[in-house]
Amino acid sequence: MKKLITGNEAVAYGALRAGVKVACGYPGTPSTGCLASLLLMDLKDTYVEWSVNEKVAVEIAAGVAWAGHRALCTMKMSGVNVAYDSLISVAYSGCDGGMVIYVADDPGANAGMCEQDTRGFAIMSDMPMLEPKSVAEAYWLTQFAFELSEQIKGPVFLRSVTAIADSQAEVEIEEPAPVSQKPPLLVRDIARYTKAGSVIAMTQHRQLIERLELAEKIIAQAGINQLRLAKEAGLGIIACGVAAAYLEEGFEIAQAYGFRPETASILEIKASHPFPSKEVSQLLDRCPTVLVLEELEAYIEKSVYVMAQKLGYRGRIVGKLDGTLSRIGEYGVKQVVQGISAALKLDLPETLFNAGQEGLKLAAARPITVCAGCPHRGTYMAINQAIKRLKLKKNEVMVTGDIGCTILGMNPPFDTVWNEISMGASVSLAQGYVHAGVQTPVIATIGDSTFFHGGIPGLINAVQHQVNMTLIIMDNRWTAMTGMQVNPGTPCYDGLKGYQQVDIASIVPALGVNHFVIVDPFKLEETSTAIQNALVMPGVKVILARQECAIQAQRRGEKEGVIKITPENCNKCKLCIIVTGCPALSLGSDAIQIDPELCYGCGMCVQTCNKEALHKELAA
Amino acid sequence: MNCDIYFTGVGGQGILTIGEVLAETAVSMGIPSNFYPSKGMAQRGGFVKAQLRLGREHVGPNIPPRGADIVVSMEVSESLKALPLIKEGGEFVLLGNVWAPTAVALGKAPYPALEQVKEQIHLAGARLIYIDPAQLPLYQDETVRANLFVLGVLVHLSALKHMFQPSDVERVIRARFSREVESNLFAFRCGLEYSVEEAA
């Protein structure tokens, strides 16, 4: 069946075609769509879950693979950092069932965070790395990844980038393969499955390297990396992953400036690790100049230099290391043409790819902010109010931030949150500021899913060492920023089943936190008073600001209330807009206006108005 | 024939739907396509872009600078972000909606004038197809969905008319929208009848 699907879905369908028994992961743009699509399907024999974090997910996948079955584990690049402690250990041990780690990198940082090139992790853990150049390739490379994993008996990386993960293209999808029903293996083999002792660890290391060598042979035999040698000794081009998708189009443009595509020898790399030494040596043998096109880090290119040295290659290598191309941002047609032009010394007009820059400067800045009805708005407003009432200035009070929607408090009109590191880091970062001698109150902010993911150890640490700080957990009941996934704290709303809710309100006191308060962030006075009280107390204080994400509530047809305007009371002071920054508010000709479609009725604007122009009527 | 379309606007306008409908139409006709939407981090009101590449069997998701045959913009200021993309001689479809960021609404930040934006499009060497939002028709006393209207204008006035018949697109609209099929078809058909006075 031909179907229009995303790159993420192609991985999901590919895994089903490979008969995957378990799929798990943690949401993270741009990888989320893979597991999300599996969760929407009615799969009888494949178990799918959002795990609490990537490390847990990788360990689950390892258990499945050690028991002889096929497992898919999905995450964004930052998730690999979390999972890596376990992953490198699993790579040492190897596995019996196919184990595929699907990671989506984000060159161009479309979703924020970083331009981490996960290929580096494959090198460090001696794991094969497969990289599709298109949605269709993602489908069949996923299947090959499972085959390869079982043949070498070790885990395999499958890496896409945002442009492929989120692209939609037509793919011929076959029926899912039956999921293996064979009984799970229970192999007791401490030489393979433990690490205690240098003999065990070094033997595993040797076997790991042997597995990678075997992978190189299998990949070469299967012809995964495609080499097309031209008859004449023209330009050699090595293009890795998505960069290869732009060759054809780049050739058309470069042709107009004297490039002859038929003279070029091309190596398309879809398996970047192990390094395809056989194909690269053939290319070096044929071509006096070689251009390397790969997004982000120069991993392939550096290996080409090593190979060139070994072979006594006398030609020229063009890429990042000679300064032609950048380690930053996505690659496309422009980089293909620039690379060819540098390699062949073509004369390109300066304006070929450069226009419209003047006009760009005129565009209005559009800082991202929280949605209308977002409960986090109330929390930021309450933090700001509490700081003000303590007669402190905002630039005197450290408010550490964390990953997810809660970071949006960094932007106007709140300007509340100062920093962001990684999942759960706000809690520990705050402790560092306290130990550094900050005398004013130190606040950490974190979302619910982030707290479960990585915040709990930091809180335990704060309790153990009795650090004077206030943690505000902003619990909107969903993993919202990645598109509303379930987390352990999500209540079992209608239609959700198959799990037991874990309540943050029972976790926090159990960790030894003595001062714990639950507030409703839609109640400004209550919330800001609770924060103000906490800020002047010693020890670890935790405030749980709990109110469901307005987008999710509205999807169930619920509203918090309706906001009514009394126009004759409104003096158009704009205070409500200035303080809340709510997108549902705008200034009309006589009074403030509210977009009834956007408004959730949270009432934060009502609580800023000092002219009684706004009133909240609770939903029935 | 190949056709590369760059979409720009803000979240909540339904601009991605235009791209999805066209991608589905292409697929239904056996035309190769790659549709790459990019929502960034924002919900409603945030910057949204998308790229639709029609006609090439092997194609990367990103349109090269100065490579877009058509730009579709549904927001005045966001149009400017498409300027590095539009081809000289390309078509620039602009629905003149203004979604002012809060700082602009409060008078704290500048926002480009429509005339400035039109001038920049002209300087880029593109043909402007301007749609006045006040011209959006009513369906049962309510303004129709702008995105379906813009889709109609696109299929009627841009180079896409050489690729798609209105009936090809209507089939996809019918299949796609279980609710409000009639109002969406009405908006699309009104777009098909739109005539541009300001084409320059």
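Predicted model: local features only at pLDDT ≥ 70, side-chain atom pairs only at ≥ 80, totals over all residues.

Reply: Residues are numbered from 1 along each chain as its sequence is written, and chains are lettered from A and ligands numbered from 1 in the order in which they are written.

Me: What makes strand 10 and strand 11 of chain A a pair?

Reply: Two strands (E runs in DSSP of at least two residues, numbered from the N terminus, as are helices, H or I runs of at least four) pair if DSSP finds at least two bridges between them. Strand 10 (residues 235–240) and strand 11 (residues 265–269) of chain A are joined by five bridges, so they pair, and they run parallel. Cys240(A) is opposite Ile269(A) of strand 11.

Me: Why are strand 9 and strand 14 of chain A said to stand at the edges?

Reply: The order in this open sheet of five strands is 9-11-10-13-14 (chain A), with mixed pairing. Strand 9 (226–228) and strand 14 (316–318) of chain A each have a single partner strand, so one side of each lacks a neighbour in the sheet.

Me: How do you know that domain 1 and domain 2 of chain A are in contact?

Reply: Residues are in contact if their C-beta atoms, placed from the backbone, lie within 7 Å. By that criterion, 25 residues of domain 1 of chain A touch 19 residues of domain 2 of chain A. Helix 9 of chain A gives the most to the domain 1 side, with five residues. The bounds, 2–222 for domain 1 and 226–344 for domain 2 of chain A, come from an automatic or database domain assignment.

Terms used: Contact = placed C-beta atoms within 7 Å.
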